[in-house]
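Keep the picture beside you as you read.

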Amino acid sequence: AAMNNLGASYSAVGKLQEAIDMQENVVDLSNRILGPKHSSTLMKWEHLAGMYRSAGRLDEAVAIREKVLLSIREVRSPEHPAAIRALGGLANIYHTTGRRDEALSLRKEKLELFHKAFGPDHPDTVKMTSALADSFFDAGRRDAELKRAEERLAYCRKNLGPEHANT
């Protein structure tokens, strides 16, 4: 934990290469001690992917995110919070690298999982609806984006009230 925290601290103060070096060591140790599919190991991989993304090492970040999602799905159900989180991380890096259609597909899947797990009025479902609307917008699918934006407004009016800052 101490090495992982130090890596995060390096990253927070802009010492990205030191952070990456530390996190690579953390991942290696976790792989050897806990195993490559242990939840802690996979979380450490996700942290490394985030650092690679920050450093502009996007191909490596994508490869890690893909590997993590596959590994989690081998040991957990698609509805497991770790699987949903990994799905979102992969969608985000796909979006960053211009793989908009793949990001959109993953975000649709994530929204379906949120609907199933939490229902349509849960704040996390509504947040994911907004993220999906952004993906539709980026993909040039204005009709679908408009539908999602309207869903979010209806939720906000119903649950937050017409005067709320988020409405």
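Leaving aside residues up to four places away in sequence, Thr 41 touches Ser 30, Asn 31, Leu 34, Gly 35 and Pro 36. You will find Thr 41 in helix α3. Is Thr 41 buried or exposed? Its relative accessibility is 0%, and because buried means under 20%, Thr 41 counts as buried. Please keep in mind that this is a predicted model.

Helix α2 covers residues 16–33, and it packs against α3 at an angle of about 160°, with the axes 9 Å apart. That angle makes α2 roughly antiparallel to α3, because angles over 145 degrees count as roughly antiparallel. The crossing of α2 past α3 is left-handed.

**The chain as a whole**

Now step back. How many helices and strands does the chain have? There are eight helices and zero strands, so the pattern along the sequence reads α-α-α-α-α-α-α-α. The C-alpha trace spans about 50 × 35 × 30 Å along its principal axes. Of the 167 residues in the chain, 37% count as buried. Looking at contacts between residues at least 6 apart in sequence, 44% join residues at least 24 apart.

| Helix | Number of residues | Expected span | Span between end C-alpha atoms |
|---|---|---|---|
| α5 | 16 residues | 22 Å | 23 Å |

For α5, the reach from first to last C-alpha is close to the expected value.

Which residues of α4 are buried? They are Ala 61, Val 62, Ile 64, Arg 65, Val 68, Leu 69, Ser 71 and Ile 72. Their cover includes α3 (39–54) and α5 (81–96).

Helix α5 is largely enclosed by the rest of the structure, because 12 of its 16 residues are buried. Among them are Ala 82, Ile 84, Leu 87, Gly 88, Gly 89, Tyr 94 and His 95. What covers the buried residues of α5 includes α3, α4, α6 and α7 (123–138). Just after α5 comes Gly 98, which takes a positive phi of about 85°.

**A pair of rings**

Next, look for aromatic side chains. The structure holds one aromatic pair. It is formed by Phe 114 and Phe 118, whose rings sit 5.5 Å apart, centre to centre, with 75° between the planes. This pair is edge-to-face, because planes over 60 degrees apart count that way. Both residues lie in helix α6 (residues 100–118), four residues apart, which is about one turn of the helix. Phe 114 is buried, with a relative accessible area of 10%, whereas Phe 118 is partly exposed at 40%.

**One last residue**

Finally, find Asn 159 in helix α8, which covers residues 142–159. Asn 159 counts as partly exposed, with 38% relative accessibility. Although Asn 159 and Pro 123 are 36 residues apart along the chain, their C-alpha atoms are separated by 9.6 Å.

Conventions
Residues numbered from 1 in each chain as written. Predicted model: local features only at pLDDT ≥ 70, side-chain atom pairs only at ≥ 80, totals over all residues. Heavy atoms only, no water. Phe/Tyr/Trp six-rings, centres within 6.5 Å; stacked < 30°, edge-to-face > 60°. Helix = DSSP H or I, 4+ residues; strand = E, 2+ residues; numbered from the N terminus. Buried < 20%, exposed > 50% of the residue type's maximum accessible area, 1.4 Å probe, protein only. Contact = heavy atoms within 4.5 Å. Axes fitted to C-alpha atoms, helices over the stretch in contact; angles between N-to-C directions. Parallel < 35°, antiparallel > 145°, perpendicular 65-115°, else oblique. Left-handed = near helix turned anticlockwise from the far one by under 90°. Expected span 1.5 Å × (residues − 1).
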